[in-house]
Amino acid sequence: MRELFQQMNQLLAQGENLVLVTVTASSGSTPRGAGANMLVSAQGRVAGTIGGGAVEYRSEQIAKEALAEGRSRLESFRLRPNEVQDLGMICGGDVDVSFRYLAGGDADAIAWARAEEQRLLPPGRVYIFGGGHVAQALVPALAAIDFRCVVLEDREAFCLPELFPGAEETRLIQNNDPAAYRDITADDYIAVMTRGHKDDLTVQAQALKTPARYIGVIGSRRKTAAVFAKLKEMGYTDADLARITTPIGLDIKAETPAEIAVSIAAQLIMLRSGK
């Protein structure tokens, strides 16, 4: 969704007319639920999807009609025979779709698009401590599903923006500096994947002082036990340690950095959706 709105703002600023196609209501066995978005220009679909198939195909046609007419419109699709906008589908269900016309270069359209981008992006950032191979696989995986990622590293060579496509920011920090954790809120997630026990201990000790909704740490059970023992010596309680998820991610027998990134992304999707 972030990519869609970034492209929408960029193209509007360049003077290109667009239509934002949005599923406003759905019921039954429809491909995508309410809130799904697709951006259409005169050349066709630019970004996003409302589920593919006949609904998306017909919606792209209607969006082009709205572009030619220079006006917004609403349409209803009935995914069963002999009703309004019969698409010949057998899955069954109803879909209401909004086609919002946005005039390129128009100040009101640009202002609306910018405000809508902020309103629709999910709250919370993922603060990733450590810039190694797993972090480099994790950032693009999370960015693709609209998590905003901040990478924090104490090694300059592992803190280069080009290593993390889709990251909102990379920060060169000292792991024991409280200022590095100051921006973390109760909407945010922390993923700890530093290069060793000592750094993990330092980051976890600081992370537990934040209100983060999630603290996940890469590590074996043996490593976890050693770090937790040190944290207890520092005065942290069992209740404090219960805030830490380790090993991080869902148990899908992940081994490679890419597989571990998938397991972490899946776990954060569950948390974000309240599962």
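# Reading the terms in this structure

Modeller: Let's start with Asp146, which counts as buried at 14% relative accessibility.

Biologist: What makes Asp146 buried?

Modeller: Buried means under 20% relative accessible area, while exposed means over 50% and partly exposed lies in between (1.4 Å probe, protein chains only). The 14% of Asp146 is under 20%, so the residue is buried. Please note that this is a predicted model, where local features need pLDDT of at least 70 and side-chain atom pairs count only at pLDDT 80 or more, though totals for chains, interfaces and linings use all residues. Residues are numbered from 1 along each chain as its sequence is written, and side-chain values use heavy atoms, with hydrogens and water left out.

Biologist: Where is Asp146, and what is its phi?

Modeller: Asp146 sits in the loop between helix 4 (133–143) and strand 7. Its phi is near 70 degrees, a positive value in a residue other than glycine. Helices (H or I, at least four residues) and strands (E, at least two) are DSSP runs, numbered from the N terminus.

Biologist: How do you know whether Arg171 and Asp183 form a salt bridge?

Modeller: A salt bridge needs a side-chain nitrogen of Lys or Arg within 4 Å of a carboxyl oxygen of Asp or Glu. In this pair the N to O distance is 3.4 Å, so the pair meets the cut-off. Arg171 lies in strand 8 (residues 169–172) and Asp183 in the loop between strand 8 and strand 9 (189–192), so the bridge ties together parts that are 12 residues apart in sequence. Arg171 is buried at 18%, whereas Asp183, at 40%, is partly exposed.

Biologist: How many salt bridges are there in the whole structure?

Modeller: The search finds 14. Among them, Lys232 and Asp238 meet at 2.6 Å, N to O. Lys232 is partly exposed at 45%, and Asp238 is exposed at 53%. There is also a network of salt bridges that links Arg58, Glu65, Glu69, Arg71, Arg73 and Glu75.

Biologist: What makes Lys253 exposed, and which residue does its side chain meet?

Modeller: Lys253 has a relative accessible area of 65%, which is over 50%, so it is exposed. Its side chain meets that of Asp251 in a salt bridge of 3.5 Å, N to O. Asp251 is exposed too, at 64%. Lys253 is in the loop between strand 11 and helix 8, and its phi is positive, about 60 degrees, although it is not a glycine. Pro247 is in the loop between strand 11 and helix 8 (257–273) as well; a cis peptide bond joins Thr246 and Pro247, with omega about 0 degrees.

Biologist: Why are the buried residues of helix 6 said to line one face?

Modeller: In helix 6, Lys223, Thr224, Val227, Phe228 and Leu231 are buried. Seen down the helix axis, the buried residues fall within an arc of 125 degrees, so they line one face; the arc is taken from the directions from the helix axis to the C-beta atoms. An α-helix has 3.6 residues a turn, so residues three or four places apart point the same way. On the other side of helix 6, Arg222 and Glu233 are exposed.

Biologist: Which elements do these buried residues pack against?

Modeller: They pack against helix 5 (197–207), helix 7 (238–241) and strand 11 (244–245), where contact means heavy atoms within 4.5 Å. Just after helix 6, Gly235 takes a positive phi of about 105 degrees.

Biologist: What makes a set of residues a nonpolar core, and which members of the largest one touch the most others?

Modeller: A nonpolar core is a set of buried Ala, Val, Leu, Ile, Met, Phe, Trp, Tyr and Cys residues joined through side-chain atoms within 4.5 Å. The largest has 24 residues, of which Phe129, Ile190, Ile215, Leu231 and Ile244 touch the most other members. Helix 5 gives the largest share, four residues. A second, separate core of 21 residues includes Ala135, Leu138, Val151 and Ile248.
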